[in-house]
Amino acid sequence: MYDYVLYLLAGIFLVISFKRDKKKTKMALKKAWKSFENILPQFLTILAFSGMVLALLSPDVISRLLGQKAGWQGMIIASIIGSITLIPAFIAFPIAAMLLKNGAGFAQIAVFVSTLMMVGIVTLPLEIKCFGKKISIMRNMFAYLFSFMVALVIGVVLG
Amino acid sequence: MKIIFKRYLGFIIILVLNIILFIIDRKNGLSSITIFGSIIFQMAKILPPIFVLLGLMDVWIPRETMEKFMGEKSGLLGILIAFFFGSFAAGPLYAAFPIAIILMKKGAKFLNILIFIGAWSTTKVPMFLFETASLGWRFSVIRLIMSIFGVITIGYAIELLISKKEKEDLYNKVRLMQ
């Protein structure tokens, strides 16, 4: 659904842009392609790597790892899986919901969801290309620590 | 040729590893390739409009406009714009990095860039709706509220921890790109 909105937006703006200035529109498309081509190698590497990680860490294995241990140990395992995997939301949320139903802790699920979204070890090379090493590593480390804070609050309120 | 090889070296290494995995473990090796294919397909669906919008933004938005709304003196408005921009986006986090580069090139303030990236990573609206549906609204709302504070705090923290020179170097590097 959301994809179509994006296509519609891009299409509308592209037509408006083309009507106003053909040369500029051509330049925009050239830039679009160049920005994409610029990240393509890392992008392919990331996706291929995610394919491997997800094959070895299938939803089944993830469930077992996440549902197994409670407390800090469980949170740390959850945070590591969340940080290294690149799971699309439409797979991750149902897994998380199923785990909750099967008795996994709120805190463990919260740390998993939060690191999954905010921490990206696999995408770090791309981030470094954009922001440099120091800032990228700082951002990921802060996000990692922050995920535990989220987990603690959710664990206390809901747990 | 050599340059292309060097650029795609990481990808080639993963492919070789994948072939090795396939030899050792047929089932997982095959599913790895299948998953790779399906992720590529999903990305091929969502990335074209994002990059087209990025290109249009680059040629049409004047530097002065960006400076006014997201630049050094943009204050609270800049933060809000960064938040909304990131939250209403779609696509994976790595699609946000090229956009961040354009924003920096146009003179957006670094704090706003960090907030934009943070919002894109974790307070996206479509994602939030999906999260509510699967994990319940209490879980999602607490996480959302905390994330809003978290994104701003992390933004300020990084901004404080890097020197003015580091920031200038980054902006200079970005300006030379493309």
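Predicted model: local features only at pLDDT ≥ 70, side-chain atom pairs only at ≥ 80, totals over all residues.
**Stop 1: chain B by itself**

Hide everything but chain B and switch to a cartoon view. How many helices and strands does chain B have? You'll find 10 helices and 0 strands. Trace chain B from the N terminus and the elements read α-α-α-α-α-α-α-α-α-α.

**Stop 2: where A meets B**

Select the residues that touch across the boundary: 74 residues of chain A are in contact with 73 residues of chain B. About 6,700 Å² is buried between chain A and chain B, and carbon and sulfur atoms give 79% of that area.

**Stop 3: pairs across the boundary**

Time to look at charges. Side chains of opposite charge can pair when their charged atoms come close. Between chain A and chain B there are 3 salt bridges, while the count over all chains comes to 10.

Zoom in on B:D58 and A:K31, whose side chains meet in a salt bridge at 3.3 Å, N to O. This pair crosses between chains: B:D58 sits in helix α3 (residues 26-60) of chain B, and A:K31 sits in helix α2 of chain A.

Then hop over to A:E37. Which residue does A:E37 form a salt bridge with? Its partner is B:R7, with the closest N and O atoms 3.1 Å apart.

Polar contacts are worth a look too, with 9 residue pairs found across the interface of chain A and chain B, both residues at pLDDT 80 or more.

Which elements of chain A give two or more residues to the side that touches chain B? Select α1 (2-20), α2 (22-56), α5 (89-101), α6 (106-118), α7 (124-131) and α8 (133-158) of chain A. Of these, α2(A) gives the most, with 26 residues.

**Stop 4: two helices inside chain A**

Finish with α2(A) and α7(A). They pack at an angle of about 155°, with their axes 9 Å apart. Angles over 145 degrees count as roughly antiparallel, so α2(A) and α7(A) are roughly antiparallel to each other.

Show the side chains at the contact: A:N38, A:I39, A:Q42 and A:I46 from α2(A), and A:P125, A:L126 and A:K129 from α7(A). By type, the residues of this contact divide into 4 nonpolar, 2 polar and 1 charged.

Technical notes
Residues numbered from 1 in each chain as written. Chains lettered and ligands numbered in written order. Heavy atoms only, no water. Contact = heavy atoms within 4.5 Å. Buried area = accessible area lost by both parts, 1.4 Å probe. Salt bridge = Lys/Arg side-chain N within 4 Å of Asp/Glu carboxyl O. Polar contact = N/O pair within 3.5 Å; in protein donor to acceptor, adjacent residues only side chain to side chain. Helix = DSSP H or I, 4+ residues; strand = E, 2+ residues; numbered from the N terminus. Axes fitted to C-alpha atoms, helices over the stretch in contact; angles between N-to-C directions. Parallel < 35°, antiparallel > 145°, perpendicular 65-115°, else oblique. Nonpolar A, V, L, I, M, F, W, Y, C, P; charged D, E, K, R; others polar.
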